[in-house]
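This briefing sets out selected structural features of one protein chain, grouped by topic. Please read it alongside the sequence and the model.

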Amino acid sequence: MHTMQQERRFIRNFVITAHVDHGKSTLADRMLEQTGTIEARRMKPQYLDQLDLERERGITIKMAPVRMQYKGHELNLIDTPGHSDFSYEVSRALHAVEGAILLVDVTKGIQAQTLSNFRNAKKAGLTIIGAVNKIDLPSAHPERIAMELANLLGVSPEEIFHISGRSGQGVMELLDAVIERIPPPAETSAAKQCAGRALIFDSLYNDHKGILAYVRVMDGALRPGDDVSLIAGGAKFKIKEVGRFLPEHQAVKTLTAGEIGYIATGFKEAALVTIGDTIVRLDSILHADVKPKILALPGYREATPVVFISFYPDGKTEFDDLKKGLERLRLTDAALSFEPDSNEALGRGLKVGLLGQLHFEITATRLTREFGCAFITSFPSIAYHVKEKGMWRVVKDPHEFPLDPDEVLQPMIAMEILAPAPYMSQVVNMKNVFALDIRSIHTLGDNVAIEARMPLAELIRDFDDQLKSNSAGYASFSYELDGDDKADVEKLEILVAEEVVPALTRIVSRRDAEYEARKTVERLKELLPRQQFAQALQARIRGRIIARETIAAMKKKLGDFGKNGGDRTRKMKLWKKQERGKERLQSMARVNVPVEVFREILKK
């Protein structure tokens with residue numbers, strides 16, 4: 001134990017946290033370079049971002065841990081995603097460390113995710129070090145932004161570090177502050193009865209070793225061959241390998257209290273290892289005078305999908321290939337969930353549960369690039385709690401939504417919007433388009449901070465794009481789930497030739513129902529091919545048609561009456577025969593909506 005305490009004294013665990021595109025990954029690059037963790041010849045931009053998609057978009061999607069040696073200390077850094085969609089994963093990382101560097105881009109200033117990250121780090125009890133980045137840019141205002149950050153943290157401006165992640169200026173001083181200000185890992189109250197215990201803050205799939213659990217060891221030690229159990233999941237296994245992040249995986253003999261590393265579980269199913277679970281050695285459970293649940297580390301909860309989108313293979317991809325692609329993705333993305341779905345028009349598909357719009361975009365892009373899948377996606381939907389005939393149930397599929405429910409509850413979000421003061425009125429006026437309930441407005445430096453509440457369903461109606469266009473791209477927002485409220489929504493059904501097209505059924509706000517109905521039938525009229533008979537395009541709510549368009553039938557040219565000796569009576573007979581034929585055809589008609597039409601109309 002004495003040796004472990006000695007080792008702990010020289011360990012510092014911390015995260016870099018910032019708003020999207022404020023330079024987290026670039027700062028991590030310079031730290032890897034200046035500590036000699038990565039040789040200069042192997043260095044590449046955004047080194048810890050392993051996905052091509054991360055480099056292209058300039059954002060961190062998967063958190064990345066790395067161990068650095070600096071001035072006799074072991075520095076364990078976790079580079080975390082900055083977007084609200086991944087806030088659950090970030091919260092687990094915050095429980096695995098003792099400190100955080102809160103980074104702000106001096107050309108953009110404090111933004112919504114900066115505030116959210118600050119509050120989460122404070123709530124987790126972390127020591128927070130403030131730093132302003134990109135001070136070498138000509139448009140930088142380091143002194144002013146440093147003053148705003150100091151006010152937020154409640155420290156003097158002199159305690160804010162001025163750095164350039166690009167050139168490396170000030171990075172060594174920041175590393176010195178990590179050693180001086182962030183405390184070493186402390187012994188927990190359960191240490192004496194725990195032979196080995198660790199928190200899972202992320203996971204990754206390895207073809208040879210199965211699921212790798214990324215862990216922070218809280219008590220005791222963990223070694224290959226140890227019999228361990230997952231407290232929340234219940235699965236038991238023998239550890240195959242333990243190791244550290246350099247940043248490549250390097251196997252070691254032991255992970256001890258305070259260290260960050262990985263554990264090879266051997267599991268091939270992603271669902272068995274969940275972020276936030278506790279790994280504990282079985283001999284701890286056997287010798288402890290307590291139930292296993294008592295040893296669970298605090299804060300465990302499973303990531304809850306909030307947006308549901310059905311994926312259907314198109315002609316180039318088989319259903320089984322789409323399913324295999326999603327199964328492989330789930331091995332590296334524990335927050336991804338899916339279940340079978342089917343549609344009369346589009347065939348077999350999979351309803352995928354996602355954390356938000358960005359999570360959907362990333363999943364769809366990776367399916368296409370990494371697995372060559374071609375697919376069509378449904379309109380995004382959310383899970384409603386619906387009361388019908390006195391019974392409550394959860395409805396994720398719009399076509400399963402009852403026509404006349406007793407009561408409907410919908411998930412809400414609490415959001416914080418930060419915008420430059422000149423754009424305040426445009427942002428506030430968005431409440432006329434979205435069901436945005438503004439709770440408070442206050443100034444924060446040169447910005448206004450708007451606290452509001454809104455249905456989650458409104459967020460997936462292009463809220464982000466509208467906010468950017470109303471603020472010339474300067475506004476930002478962060479959000480978190482905030483319970484359920486009564487919903488004033490309707491089931492909007494689209495009928496083609498008097499048949500409902502389930503793939504186009506949506507749940508819409510009552511105030512937007514007529515607009516959405518008109519827009520959909522007008523778009524269908526543009527896209528659907530003409531037939532030998534007239535096609536009625538209708539939008540229906542509670543059995544009532546609220547919008548209609550008609551695609552006229554194709555006409556067969558019978559020629560001009562009276563020309564070239566044609567007989568008018570004969571041609572009138574032909575015309576009447578054609579009309580009767582069209583009527584019979586229409587009575588038997590069943591319009592198949594082409595896949596290309598679905599692809600176009602389901603675009604945002």
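The model is a predicted one, in which local features need pLDDT of at least 70 and side-chain atom pairs count only at pLDDT 80 or more, while totals for chains, interfaces and linings use all residues. Residues are numbered from 1 along each chain as its sequence is written, and side-chain values use heavy atoms, with hydrogens and water left out.

**Overall composition**

- The chain contains 16 helices and 30 strands; helices (H or I, at least four residues) and strands (E, at least two) are DSSP runs, numbered from the N terminus.
- Of the 604 residues in the chain, 53% are buried; buried means under 20% relative accessible area, exposed over 50%, and partly exposed in between (1.4 Å probe, protein chains only).
- Among contacts with a separation of 6 or more, 69% join residues 24 or more positions apart; contact means heavy atoms within 4.5 Å.

- Helix α2 spans residues 24–34 and is mostly covered, with 8 of its 11 residues buried.
- The buried residues of α2 are Lys24, Ser25, Leu27, Ala28, Asp29, Arg30, Met31 and Leu32.
- The elements covering these residues include β1 (11–18), β2 (64–70), β3 (73–79), β4 (99–105) and α7 (171–181).
- An open sheet of 6 strands runs in the order β2-β3-β1-β4-β5-β6, with mixed pairing; two strands pair if DSSP finds at least two bridges between them.
- At the edges of this sheet are β2 and β6 (161–162), each of which pairs on one side only.
- β2 pairs with β3 in the antiparallel sense over 7 bridges, and glutamine 69 has glutamate 74 in β3 as its bridge partner.
- Helix α5 (residues 112–123) packs on the sheet and touches β1, β4 and β5 (127–133), its direction making about 170 degrees with that of β4; axes are lines fitted to C-alpha atoms, for helices over the stretch in contact, and angles run from 0 to 180 degrees between N-to-C directions.
- Helix α6 (residues 142–153) also packs on the sheet, where it touches β4, β5 and β6, and its direction makes about 165 degrees with that of β5.

- Strand β16 (residues 307–313) pairs with β19 in the antiparallel sense over 3 bridges, and phenylalanine 311 stands opposite threonine 377 in β19.

**Packing of α9 on α10**

- Helix α9 (residues 319–332) packs with helix α10 (residues 357–371) at an angle of about 115 degrees, their axes being 10 Å apart.
- The two helices, α9 and α10, are therefore roughly perpendicular to each other; angles under 35 degrees count as roughly parallel, over 145 as roughly antiparallel, 65 to 115 as roughly perpendicular and the rest as oblique.
- From α9, Leu322, Gly325, Leu326, Arg328, Leu329 and Thr332 meet Thr363, Arg366, Leu367, Glu370 and Phe371 of α10.
- The residues of this contact divide into 5 nonpolar, 3 polar and 3 charged; Ala, Val, Leu, Ile, Met, Phe, Trp, Tyr, Cys and Pro count as nonpolar, Asp, Glu, Lys and Arg as charged, and the others, Gly among them, as polar.

**Hairpin, loops and a buried glutamine**

- Strands β20 (residues 384–388) and β21 (residues 391–395) pair in the antiparallel sense over 5 bridges.
- They form a hairpin with 2 residues between them, and lysine 389 in the turn has a positive phi of about 55 degrees.
- Leucine 246 and proline 247 are joined by a cis peptide bond, with omega about -10 degrees; proline 247 lies in the loop between β11 (241–245) and β12 (249–252).
- Glutamate 498 is not a glycine, yet has a positive phi of about 65 degrees; this glutamate 498 is exposed, with a relative accessible area of 65%.
- Glutamine 410, in strand β22 (residues 407–420), is buried, with a relative accessible area of 8%.
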